[in-house]
Structures are given as C-alpha cells and as structure tokens.
Amino acid sequence: MLCKWQPRWLVLLVPLMAWLGACESREPLRVGFVGGLSGRVADLGNDGRNGALLAVAMVNEAGGIRDNPVQLIVKDDAQNRDTMVQAIEELAAANVVAIIGPMTSSMAMIARPIAEQHGLLMISPTVTTTALTGRDDNFLRVSSDSLAYATFSARYLAETGGHMRLAACLDLGNRAYTENWLDVFTDKYRAHGGEIVGRVAFTSSADTEHAAIVERMLTSNPDGLLFVASAVDTARLAHEAKRQAPDLRLIAVEWSATEALIELGGRAVEGLTLSNFFDRDSLAPAYLAFKQAYVERFGREPGFGGTATYDATYTLLAALRDSGGDRDLKQVLITTGEYPGLQQPVRFDRFGDAQRDIFLARIENGRYVVIR
Amino acid sequence: MPRWRLRTFLILLLFATTLATFSMVSLGLLAYRLPQIKRDAAQDAQLTARNVSDLLENAVSALQIQLRPAVLLGDQLGVQRIGKLFGSILNEEGFQAIYRVDKRGIVQASSSGDGNVVNQNRLVGADLSGNPLFKAALHSDHPLWSDRYLSALRGELTIAVAYPSNDQVLIAEMTTGRLRDIVLRSLVPIKHQVFVVDGHGEWVADNLPDGNLRHTHWGAHAIVTAARSGGPSPEVIELNGRSFHPAYHRSEKLGWVVISMIPSGLDNPDQARTIFLVSLGMVASGLISLLMAPIWASAIQRPLRSLIRQSRLISRGDYSGSWQPNRIIEIDELGNDLRRMARAIGERESSLEKNEKYLLELFNIAPNAMLISRSVDEDYAVLDVNQAWVELFGYSRDSVVGQNGKVLNWWRHLEDRRKLLRGLEEWGQVTGYEAWMLNAVGDEILCSISAASVTRETERQVIFVYVDITDMRKMQRELDSMNQELERLVAARTEELQRSNRDLEETLESLSVAQGELVRSEKLAALGELVAGIAHELNTPIGNAGITLSTLEDHIKAFRDLVSLGLKRSALDQFVENVDSASHIALRNIQRASDMVATFKQVAADRASSQRRTFDAKELVEELSLILQPMLKRTPYKLRTDAPGEIELDSYPGPLSQVLTNLVNNAVMHGLEGRDRGTVRVLVEEAAGDQVRFIVSDDGIGMPEDVQSRMFDPFFTTRLGSGGTGLGLHILHNIVTNVLGGRVEFSSAPGAGTEFRITIPARAPFPKDTDQQEPMSQSR
C-alpha cells in the first residue's frame with residue numbers, strides 16, 4: 001500500500017516544498033524615511049537618514065520588534081515637490097507603518113497631507129515650522145518649533161549683543177521654515193529692542209549670486225547679518241560677508257548648523273553664532289554610544305539631523321513595540337509620556353509637538369562650541 | 001476503502017511513476033546543476049566586478065587625463081589664465097567645477113559650469129580649509145578621490161578629485177549624477193547589475209533599473225563590510241526583494257568598491273531556465289505519461305480482461321470456453337489454471353448431477369415407500385415421493401408435491417401425525433411408529449413409519465419411510481393364534497406324555513425289578529449252571545485224580561501180587577514210576593481242582609483279598625509258561641513268550657496270570673482246535689500312559705462275528721457241555737476291567753487267528769469300596 005501511494009505524495013510534495021522554501025520566514029516591519037538626500041540640503045538629509053538607519057540597526061540587533069525585523073525604506077525628496085509626492089506615494093505603497101521625516105519644513109508642508117491621505121503618521125526630527133504646531137493631525141515632531149528657536153535666538157542676541165540693527169536674508173526654497181522663523185524672530189527681537197533693517201529674499205540654486213545678496217544686505221548698513229538659509233548658502237554668504245564687510249557680526253539659524261557649514265565655510269564662518277538642536281559636547285552616555293556607533297558606521301560624526309532622527313526613529317520603534325500592533329500609534333506616542341532620547345527624553349504633548357532643549361553655539365576653531 | 005477500476009489505477013500508477021521518476025531525476029539534476037550555476041554566477045560576478053572596477057578606473061583615468069593640462073600648467077599660469085584653462089576643461093561629460101586652492105585652503109581660481117555657461121572665479125577667496133578632501137590632499141602626494149560630499153560651489157552631492165602639488169591643490173568636482181552617467185556609460189556593455197559605493201559605503205553609481213539603492217547607506221551591508229575587510233563576499237544578498245550572488249572588487253586607486261550582482265534563485269536566468277526546463281520536462285512527461293498510460297493500461301488490461309471474462313463465465317456456470325495463450329507468463333498460467341479449474345468444476349458438477357440423478361433413481365426405485373418433505377411455515381410440505389410410495393398410497397406424485405398428509409387426509413387419526421411430528425422434533429428421528437393410514441381409495445393401511453430429519457442449508461427436511469405392515473400384522477395375528485393353539489396342544493400333549501412317562505416309569509420300574517429278578521434268577525440259574533459247571537469242571541480233575549489214584553491202587557495191588565511172587569527190579573522201577581506218575585498226575589489234578597476252586601471263589605469272593613504286589617512282567621510270563629507247558633506238551637501247539645525285561649507292575653499278579661492262562665487256554669481250546677499245529681504267542685510290551693500290554697495271539701481259526709459279539713457275555717460258550725462254563729471271558733473281562741483297571745481288546749477273523757490285547761495300567765487302581773487307605777499312604 002505504501003509503495004502504491006508514495007509516488008503520489010512525492011509529486012505533491014515537490015511543489016509544496018518549493019513554495020514553502022520561497023516563503024519569507026517573517027514579515028519585516030516597514031518604516032519609511034523621507035528626506036532631502038540629494039539637492040542643496042543633502043547633508044542634512046543624509047545625516048538624518050544615517051540616524052534613522054542606525055536606530056533601526058540597533059533595534060534589529062536587539063531582536064526587532066516582537067521578533068520581527070525592522071526595515072527602513074529610504075526615499076529621497078530631493079527637496080522637490082514632485083519628488084516628495086512620489087516618495088510618499090511609494091512609501092505608502094510599500095506599506096510602511098509610519099514615516100520618519102521630512103527634514104525640512106517646506107517639504108513637510110507638502111508631505112503631510114498626502115501622508116494623511118494614506119493614513120500614515122509622520123514624525124519629523126527637524127521640522128520646526130509653527131504652521132504645524134498645535135494641530136491634532138498626523139504630524140509629530142521631536143524638536144521644538146521655530147517659535148522656540150527664534151525666540152531663544154532673539155533673546156540671546158538681545159542679551160549679548162545689545163540692540164542691534166540686523167539685515168537678514170532668507171531662502172525662499174524652504175519658505176515654510178525661513179519665513180516663519182524670520183517673522184517670529186523679527187517679532188521677538190523687536191520686543192527686545194532690536195530691529196530688522198533689511199530683508200533680502202532669494203531662492204537657493206546653483207546659480208545663486210551670494211555676493212549680490214550680501215551687497216544688498218549691506219545697503220541698509222546693519223550692525224550684523226542674519227542668514228536664514230541652509231549650510232551651503234550660509235557658508236557662501238559668510239564668504240562674501242567676510243570679503244565685503246569683515247567686521248560685521250554674523251548670525252545663522254539652526255537649520256544651517258551642520259558639519260558642512262564648517263567644511264564649506266572654513267575661516268569665513270569663524271565666530272558665527274547660531275542656535276543648535278543639540279550639544280555636540282554632551283556627555284550623556286546614550287549620546288556617546290550613539291556617536292561612537294555613528295562614527296564607526298558612517299565614518300564621520302553625527303550632526304543634529306542624525307541625532308534628532310535617531311531619537312525620532314527610536315521613539316517610533318519603541319511605540320510600535322508597546323502598541324502591540326493594534327493600538328493607535330499616535331495615541332501610544334502621545335499617552336506614553338516619555339521616551340528615552342540620546343541627550344534628553346522625548347515627550348509629546350497632545351498635539352504631537354515636543355520640547356527640545358535649545359543650545360546656542362558659536363563656531364570656534366572649526367567646531368561648534370555651545371555658549372548657552 | 002476506495003475502489004478503483006483497473007484501468008484508472010494503472011493509468012494513475014503509470015502517471016505517478018513517471019512523475020516520481022522525473023521528479024527524482026529532476027531533483028538530482030537540479031541538485032547537481034544549480035550549485036554549478038551558483039558557482040558560475042559567483043565567478044561571473046567576480047569577473048564582472050573586476051572588469052567594472054577596471055572600467056571605472058579607466059573612466060576615471062580618462063577624466064583625470066582631462067585635467068592634465070591644468071595639472072601640468074597649474075603652477076605656472078596666473079589666476080585669470082588658469083581660470084580660463086579650467087573653463088576649457090569643463091565639458092558636458094566631465095568635471096563641472098575646477099578650482100585651485102592654496103595651501104591655506106583659500107580658493108585662488110575657480111571655474112564651474114556645464115559646457116556653455118561657465119562661472120569664473122565665483123569661489124575665489126572661499127575658505128576650503130575644512131574640506132576633508134583638501135585636508136587629505138595636503139598629506140598626499142598623488143591624486144585623491146573624495147567621498148561624496150556637498151559642494152560649496154554647486155550645492156550638490158559631489159565627487160571630487162584633488163591633485164596636490166607643491167603649493168597648491170587642484171580640485172575638480174562633478175556631481176554624483178554626472179559621475180553616475182559616466183559610470184553608466186562604461187557599464188552599458190555589462191550585462192550584470194553593478195553598483196559602486198565609496199569608501200564610506202555611500203552610493204556612487206549603479207546600472208540598476210530603479211534608483212532605490214542610491215539613498216541607502218551601504219556601509220553596514222554585508223558585502224561592503226566584506227569588501228572593506230577583504231573577506232569573502234556573502235553567497236547571497238537580498239536587494240529589493242530579490243536575491244543575488246554578489247562579488248566585489250575594491251579599486252585601490254579610487255577607494256571605491258564595485259559590487260556586481262548576478263541574480264540568484266529564480267531571478268538568475270540560467271537557474272530559471274534550468275528549473276523551467278525541468279518543470280517543463282516534468283509537465284511534459286506527466287502529460288505524455290497521461291496520454292500513453294491509457295495505451296499501456298490497455299495492454300495490461302486486455303489479457304486481464306480475458307481472464308476476468310473467463311472467470312466470470314465460470315462463476316456463471318459456463319464451463320466451456322477456451323483460453324488463448326498469452327504473452328505474459330503469469331497471466332497465461334492463470335488462464336490455463338482457470339481453464340483447468342473450470343473443467344474440473346464442470347466434471348464435478350456433471351458427476352454431481354449424475355450422483356443426484358443416481359440418488360434420485362435410488363430414491364425412486366427403493367423398495368420401501370419413501371416421502372421427503374420440508375418444513376414450511378411451521379408445517380410440512382411434500383418435496384418428493386418415490387415410486388413405491390405411489391404404489392402404496394395410490395396418489396400420483398404430482399398431486400402430493402407441495403401438500404401434506406393432513407391436507408390430503410392420509411391419516412386415520414390425526415393424533416398419530418401430531419405424535420409422530422412431535423417425536424421427530426424432539427429426537428430428530430422416529431423409528432417404527434405404527435399408524436393407520438388411508439390410501440387414495442380410502443382403504444386403511446397399517447404403516448410402520450420411520451422418519452429422520454436433516455437440515456439442508458437453511459431448510460429442514462424430513463424423510464419418511466412407510467412400511468405396509470397390514471398383511472404382516474394379519475399374519476402375525478394368525479400366527480399368534482396358531483401359536484396359542486399350538487401351545488394348548490403342546491400343553492395337552494405334554495400332559496399326556498407326562499402321564500405316559502409316569503406310566504413308563506412305572507413300567508420301567510417293574511421291568512427293572514423284573515430284570516433284577518430275571519438277573520437274579522438268571523444269576524441263580526447261572527449260578528446253578530456255574531455250580532454245575534464248576535462241579536463238572538471240578539469233576540474232571542478230581543475224577544482224574546480219582547482215576548489216577550484208583551489206577552495207583554491197581555498198580556499197588558499188582559505190585560503187591562508181584563511182591564508176593566517175587567520182586568523184580570524192573571517191576572519195582574515200574575512201580576515207582578507208576579506211583580510217581582500217578583501221584584504226580586493226581587497231585588496235579590488236585591492242584592487244578594484247587595485252582596479252579598480258587599478261581600470260582602474269586603468270581604464271588606471279595607476281590608480285595610487278592611494280593612497286590614510289584615512284580616516283573618517277564619517273570620510273570622515265565623511263570624505262566626512254566627505252568628502251561630505241561631499242558632501244552634501233550635498238544636502239537638507251541639507257546640512262545642516274548643517279554644522284555646524290566647517292565648515293572650504294581651498290580652495283582654494272580655488275577656493277571658489267571659487272565660493270561662485263560663486266554664492261552666482259550667486259544668488252545670478254541671482257536672487251535674482241530675489243527676495239527678499252531679502257535680500261541682504271549683507278548684508283553686509297554687504301552688502309552690504308563691500302561692502295559694499283554695498280547696495273547698494265536699494263528700488258529702479265528703472267531704466268527706456272532707461269537708465275537710457275544711464273547712464276553714456271561715455263560716456264553718461255544719462248547720457248552722464240553723468243558724467250558726462260558727464264564728471264562730466274562731470273568732476275565734471283569735478281572736481286567738475291575739481288578740486290574742485295564743481293558744480288553746481283541747481282533748479276530750475267521751481263518752486269520754485271534755489276538756487278545758490286555759492293556760492295564762502299570763499301577764493298578766485300588767478298589768473303591770473297600771476300607772483301605774488312600775493309595776498314597778501305601779508303601780509300594
């Protein structure tokens with residue numbers, strides 16, 4: 001009887017086994033990341049990506065979430081509207097549980113509604129526009145908003161620099177951030193007795209005439225120059241400023257506080273003051289471990305993009321683990337209270353906004369030195 | 001349990017076998033081929049990586065060659081001129097920005113643009129001292145390619161090459177996009193998928209269809225870490241859900257890693273093809289086997305079907321049919337066996353039929369009336385009756401089949417039927433139950449019914465045997481009455497006979513008395529005769545003696561006379577002789593007389609007074625001879641004796657010699673009478689049974705029949721009045737039988753002589769009616 005039946009079973013077994021073999025053993029948990037990996041703010045985007053990768057790698061090394069590995073799906077928005085839309089669509093199609101990013105406010109304004117359409121949560125590490133503050137929506141952030149940063153900077157400047165007359169320029173390429181920041185700053189600085197005497201808008205591109213911009217800023221004869229722009233532009237502007245008006249105080253925004261600023265600025269950015277997302281000299285053990293891992297993996301030190309993104313990613317993954325897959329992720333994030341961060345705990349309010357410590361730093365000898 | 005048609009089963013079996021065979025072969029093939037493909041793929045990938053690395057280096061070298069004029073002349077030309085030179089080098093397919101940086105990091109001259117549009121010296125004065133490429137170039141003496149970084153000049157991700165020289169560094173940049181295009185152009189002939197990462201694991205370029213790879217960081221990827229450490233590349237990596245066999249080659253010049261990938265698994269065309277072909281083969285073989293299987297199934301089925309047909313016929317009872325020889329040995333054998341079996345069954349059946357017929361015939365011709373019925377619904381129904389039954393009861397066979405006795409009213413008393421059937425049910429059989437039955441015309445028949453039942457299959461059948469005993473009963477009754485009559489007669493006759501018997505007994509008794517009296521009177525007469533005889537007998541010797549003595553007297557007288565005259569010697573001798581002789585004769589005669597008296601005494605006397613002793617036969621015979629010789633001397637006859645010695649007897653010698661004497665006398669007197677010569681023989685011999693035989697024979701005239709028959713009767717003599725009392729042989733017989741315990745035999749025929757045989761036991765019996773002791777106590 002066995003002989004009679006055996007061939008039959010064998011026949012059935014072969015395709016069965018083949019199919020079984022082809023099956024995935026476990027479905028990974030997909031998390032999306034979107035940021036400007038190419039384009040003029042690629043340093044920030046890449047830094048953020050690295051932070052996210054590191055967070056995912058660390059969680060996977062610890063066994064994943066409930067034994068499922070985490071997979072990061074990385075999309076580039078190229079700091080471009082169409083690219084961003086497509087990126088979100090692709091992430092949605094890839095069935096990610098949430099999106100980390102974007103890194104810039106303008107991109108966030110574009111991405112958020114699309115993500116909302118697909119029911120996806122967005123946790124941004126570095127988007128600070130106040131337009132997204134205090135809204136009960138699918139957008140969360142792990143850093144303070146521009147109100148906080150601009151206010152902080154305004155106060156510091158008022159306290160340390162007296163009442164200065166500042167000329168500012170802003171990059172309309174990231175308008176949602178730069179305009180928002182400058183408006184707040186202008187408001188607060190005025191309240192502190194300062195004044196914004198000039199305001200030059202430009203749109204960053206390869207053909208940007210930085211010299212012309214500085215020239216225009218100088219026409220209002222300011223005491224200092226405020227650059228509300230990215231690291232690349234700030235570096236070039238600093239060059240021009242040093243060339244055209246070497247004695248003027250230069251101030252930049254936290255958006256430009258990447259390593260590239262120093263690399264590209266060189267001596268021109270010495271003495272530049274700007275607010276920071278984080279303290280590069282922090283001795284927090286978590287941060288030190290993170291920094292070491294980052295350096296090992298990526299060959300350079302992490303910037304604020306990497307640090308903030310790491311926090312955002314790690315928090316998301318922790319929430320995923322706690323949610324058990326069936327609770328509303330946002331609710332979990334908001335109601336859990338506190339998540340461990342690298343330098344400080346991450347805490348969401350009921351709108352998904354967070355408070356992050358703000359540091360004021362100055363570039364000295366090619367390094368950021370925190371002064372407040 | 002599922003059941004299949006043979007055809008279906010065979011088809012499935014063949015199909016499954018083919019499939020299984022092909023599967024196993026395929027698996028084997030795959031097991032052999034797939035690893036081979038993998039190995040080849042790995043090798044291929046390795047080769048490709050190497051090639052691409054070389055191609056890249058070539059491309060990069062080509063790019064670098066573009067810079068040669070700037071490199072060579074860089075030191076010598078002034079800012080303006082060098083700027084122009086830079087501008088001329090820039091082209092659509094090459095560097096997009098070139099600048100010269102002094103040792104401090106300050107840009108001295110720069111040129112950037114895309115072919116037509118060239119921005120000169122835009123960057124002059126910029127401080128690139130923080131630029132890692134610049135910093136690295138300061139310490140290098142050969143051209144260095146940078147990692148990906150953000151260009152100050154262009155604000156895009158850039159790759160740059162730095163040419164250090166004595167006091168300056170020439171840096172030429174191009175966007176990663178352009179580099180990618182350049183690399184892609186080199187990769188066009190490469191059929192495999194390739195991507196390039198820089199020293200940090202950041203993507204540089206690839207020839208993959210989608211751009212997903214470029215944003216991922218590769219530094220931690222297994223293949224890149226392997227490349228960095230120089231270890232073996234992993235066998236399989238996954239990209240975008242597909243798996244590949246990777247190989248890497250590190251370009252020392254660029255510090256970049258070229259990773260080429262050959263799809264593995266089903267993405268690999270070779271593998272896919274192999275698997276496809278194998279699957280196709282399997283499917284094809286499956287289909288072919290499905291198509292062919294029915295044919296093969298038929299091939300097997302045909303002979304089986306003929307077998308089945310055969311057996312079907314046989315099961316239906318058709319034993320005819322033949323078997324065609326078949327190619328397959330087993331089937332052929334089976335067919336033949338079936339054939340044989342069918343024949344055997346047929347023969348058996350026909351013999352069974354014959355048997356049945358025979359049994360039926362037997363049943364029918366059985367001389368006893370028999371009926372077979374079967375039980376049906378609590379009652380019985382006739383199955384069959386035999387001829388004898390029909391004749392006995394007068395019903396036809398057809399009229400009774402299916403009916404029973406109650407219905408057809410055979411039974412005089414239904415009670416009998418009930419009893420019979422009950423008995424049958426209780427004991428299973430009944431023997432000799434007598435009941436009155438009615439035949440077809442209403443006559444009464446007395447039947448002795450025996451029945452036995454048997455269960456045949458599920459039916460209970462009973463066989464009844466009817467024996468018509470009506471006549472027999474009648475005869476029996478007659479016989480009985482005759483017997484009774486006979487008995488009565490016999491009784492009567494017996495009574496008569498008894499009466500006669502009684503009468504006879506009485507008569508007998510009186511006869512016996514008369515006989516006794518007669519005997520007594522005879523005896524008396526005999527005795528008288530005997531006495532007369534004795535007297536007569538005695539008279540002879542005594543007379544003789546008297547005569548002799550009177551003679552003697554005469555002689556004496558004479559002698560006296562003589563004496564007176566004068567005695568002569570001769571006269572004296574004569575006288576003495578005469579006296580002697582006379583006395584002798586007288587003595588003898590007296591002795592004879594005495595013996596006779598003794599003998600006569602013996603006839604009546606108590607035999608017990610005879611003397612018994614042991615003696616030798618020979619002696620006795622010699623004594624006898626002695627006694628008898630004198631008598632025989634005067635006759636012409638001789639007496640011969642022959643007795644072997646040492647025959648001892650414990651008996652009565654006296655009577656014995658008397659017997660022998662008697663016999664000799666008889667022989668002389670009767671047997672040899674009138675003859676002028678003759679011999680009397682006396683023989684003694686031992687006889688069987690410890691007996692001794694004395695034979696006295698003569699060669700005389702013998703005895704006629706009538707004499708022989710009466711010889712031993714008392715007082716029978718052939719010469720009455722002439723010397724015989726007739727008692728001699730009687731007495732002799734008595735003596736031999738009673739005293740000596742033996743028997744007398746004789747044989748005689750006229751003219752042939754006579755022979756008497758006296759056979760006696762060596763030890764004579766003791767007389768029974770005496771008061772003597774038992775013989776054992778007697779000493780011999």
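**Chatting through the sheet, the A–B contact and a glycine**

Q: Before we start, what kind of model is this?
A: It's a predicted model.

Q: Okay, the sheet in chain A then. What is the strand order, and is the pairing parallel or antiparallel?
A: The order is β2-β1-β3-β4-β5 in chain A, 5 strands in an open sheet, and the pairing is parallel.

Q: Which strands sit at the edges?
A: Those are β2 (70-76) and β5 (139-141) of chain A, each of which pairs on one side only.

Q: And by how many degrees are neighbouring strands turned against each other?
A: On average by 25 degrees, with direction ignored.

Q: How many bridges join β1 to β2 in chain A?
A: There are 7 bridges between β1 (residues 29-35) and β2(A), and the two strands run parallel. Within that stretch, G35(A) stands opposite D76(A) of β2(A).

Q: Which helix packs on the sheet?
A: Helix α12 of chain A, residues 329-336, does. Helix α12 touches β3 (98-100), β4 (121-124) and β5 of chain A, and its direction makes about 40 degrees with that of β4(A).

Q: Switching to the two chains: how many residues does each one bring to the contact?
A: Chain A brings 37 residues and chain B brings 41 residues.

Q: What area is buried there?
A: About 3,300 Å² between chain A and chain B, with carbon and sulfur atoms giving 55% of it.

Q: Which three residues of chain A supply more of its buried area than any other three?
A: R236(A), E263(A) and R267(A), which supply 18% of what chain A buries against chain B.

Q: How many salt bridges are counted between chain A and chain B?
A: The count is 0. For polar contacts, the count is 1 residue pair, both residues being at pLDDT 80 or more.

Q: Which elements of chain A give two or more residues to that side?
A: They are α1 (2-22), α2 (42-61), β2, α8 (231-244), α9 (259-265) and α10 (285-298) of chain A.

Conventions: Residues numbered from 1 in each chain as written. Chains lettered and ligands numbered in written order. Predicted model: local features only at pLDDT ≥ 70, side-chain atom pairs only at ≥ 80, totals over all residues. Heavy atoms only, no water. Pairing = 2+ DSSP bridges. Helix = DSSP H or I, 4+ residues; strand = E, 2+ residues; numbered from the N terminus. Axes fitted to C-alpha atoms, helices over the stretch in contact; angles between N-to-C directions. Contact = heavy atoms within 4.5 Å. Buried area = accessible area lost by both parts, 1.4 Å probe. Salt bridge = Lys/Arg side-chain N within 4 Å of Asp/Glu carboxyl O. Polar contact = N/O pair within 3.5 Å; in protein donor to acceptor, adjacent residues only side chain to side chain.
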